Amino acid sequence: MRNQTVAQQMVDVLRQAGVERIYGVVGDSLNSVVDAVRRTDGIEWVHVRNEEAAAFAAAAEAQLTGRLAVCAGSCGPGNTHLIQGLYDAHRSGAPVLAIASHIPSHQIGTGFFQETHPERLFTDCSDYCEMISTPGQMPRVLRIAMQRALGNSGVSVLVIPGDVAHDKAVNPTGAGHLVTERGRVVAPASQVRELADKINTARKVMLFCGAGVRDAHAEVMALAESAAAPIGHSLRGKEWIQFDNPFDIGMSGLLGYGACFDAMHEADLVVLLGTDFPYNDFLPQARSVQIDHDAGRLGRRTVLELGVHGDVRETLRAVLPLVEAKKDRAFLHRMLRRHARSLEAVVSPYTHDVERHTPIHPEYAASVLDELADDDAVFTVDTGMSNVWAARYLTPNGRRRVIGSFVHGTMANALPHAIGAQFTDPGRQVISMSGDGGLGMLMGELLTVKLHNLPVKTIVFNNSSLGMVKLEMLVEGLPEHETDHEPVDFAAVARSVGIESVRIEHPGDVAEGLKRALAHDGPFLVDLVTDPNALSIPPHISAAQIKGFAFAAGRTVLDGGVGRMLDLARANLRNIPRP
């Protein structure tokens, strides 16, 4: 019978919870945990090159499965490397448990080698952070940490000194039931009635959807039909609401496009559905109601006429019988036409000589990728201009997933997220839309992809520039500085570590290169040399920002999206009666 150490007890409890892997970098203070993993069936240690990537990978796994995912970091620097990815996981609502090993317990407080105070470090990027200082706290505290992560959809951190992990367990492991299926918040009847009254009274209603509409697609469509309401969305809401949507008018925010901003500001009533949209400057700050299962989010982004505390799906099911069908659909039809025109306005720069334009239009490459990718592909997206191309050119269908650092906004997330996504579902197509800046920051994770032979397809939008930072400087009227760097041949880098790759410099080669990559049985990197002057601006900018752009003469500036979204917008117009 094996020696039941605290570390072994920890791993046994994780297995009971269905955990199949721990992402991390081995280190002396983690040795007992790593050895326990080695000796336990059904769980593996996934070696990455940076603990930051371990946290990103766990976050992607948790977001795809809804189950607990685990990462680990050794004492000192191993802990601090975790922080970036844990911030992203926590702000994305991913149930992640981080095991943060600590220096020997008798050395805590002495300024020992690699000493930090992890119970302080992780406070701001977790919902629960506690230290196991004696074996007697196990397994109870671990089960509390897991349940908090699952129950609150966030990060729990368990700090454990290496010597305590090696100690003999004193309590029986037993078994405990984790609650993984969450109940639904039912809105008070009085709030439902008031919501219906406001929808019925308003002549022009607009719906703005976030990730909280994930399982309420049918109900949102039904409300839009009854209220003759155009539907806009945030970036996180796009994958859940844009497909099969005859009311779609695009996205708001810094990466926005279409008629969403206009509709929101012209409506008599804006209904915010399951969104914690952070950019309050894009919201009308009036004429708004909000539905959210978390009462603490109500009204923190915009002034509300009514807040409704309830699950979006259940609230809409309750309110729909009370909503009177609007006969006047002029506002909806006007916004649908405006949305289509806004997309058509940018077709020319997108299509003009696109097969001959070098450097490659990144929009063109993103559109081709969208066409070729599987219907159930998982896209992981770097922060920056890759976010723009994903937001405007990836077509959701209810089966695809798009994962990014959409709330924390950190660079370098795409490839580590892809690692976690691919481990979660080895047979599913996983595509990392990486910026050259993001890939360069955590380029060592290409070694992780090769080590585990993960069939991740890394598509690098390589413009030798920090494009989003450049854009930010331009809109402020500042001269761009230190945003451009020497070109890097990422295809050569990939080949040097044993990953198949291709470098594409001519647009005529884009489709064939992407087809080759997506069909390859194993990891593949596509190095797309794209135009650094292809920037994008939000759907609404201030006079000061316009003045700033005046100093950017010669830049290619796009103010909308095209690709298949234009086809969708045109198709939606067919249902509008001709005057």
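**Close-up 1. Helix H13 and its buried side.** In H13, the buried residues are Phe331, Leu332, His333, Met335, Leu336, His339, Ala340 and Leu343; buried here means under 20% relative accessible area, with a 1.4 Å probe and protein chains only. This is a predicted model, where local features need pLDDT of at least 70, side-chain atom pairs count only at pLDDT 80 or more, and totals for chains, interfaces and linings use all residues. Residues are numbered from 1 along each chain as its sequence is written, and side-chain values use heavy atoms, leaving out hydrogens and water. H13 covers residues 330-344, and its end C-alpha atoms sit 21 Å apart, which agrees with the 21 Å that its 15 residues should span at 1.5 Å a residue, because the expected span is 1.5 Å times one less than the number of residues. Helices (H or I, at least four residues) and strands (E, at least two) are DSSP runs, numbered from the N terminus.

**Close-up 2. Helix H2 and what covers it.** H2 runs over residues 31-38, with Ser32, Val33, Val34, Ala36 and Val37 buried. The cover over these buried residues includes helix H1 (6-16), strand S1 (21-24), strand S2 (44-47) and helix H7 (162-166), with contact meaning heavy atoms within 4.5 Å.

**Close-up 3. Helix H3 packed on helix H4.** H3 (residues 51-65) and H4 (residues 77-92) meet at an angle of about 25°, their axes 6 Å apart. That makes H3 roughly parallel to H4, a label for angles under 35 degrees. Axes are lines fitted to C-alpha atoms over the stretch in contact, and angles run from 0 to 180 degrees between N-to-C directions. On the H3 side, Glu51, Glu52, Ala55, Phe56, Ala59 and Gln63 make the contact, and H4 brings Gly78, His81, Leu82, Gln84, Gly85, Leu86, Asp88, Ala89 and Ser92.

**Close-up 4. Leu269 in strand S11.** Leu269 belongs to S11, which takes in residues 269-273. With 2% relative accessibility, Leu269 counts as buried. Setting aside residues up to four places away in sequence, Leu269 touches Lys198, Ile199, Ala202, Lys204, Val205, Met206, Arg287, Val289 and Glu305. Take Arg287: it lies 18 residues from Leu269 in sequence, yet the two are 5.0 Å apart in space, C-alpha to C-alpha.

**Overview. The whole protein behind the close-ups.** The protein has 24 helices and 21 strands, and 56% of its 579 residues are buried. Of the contacts between residues at least 6 apart in sequence, 74% join residues at least 24 apart.

Note on methods
Parallel < 35°, antiparallel > 145°, perpendicular 65-115°, else oblique. Buried < 20%, exposed > 50% of the residue type's maximum accessible area, 1.4 Å probe, protein only.
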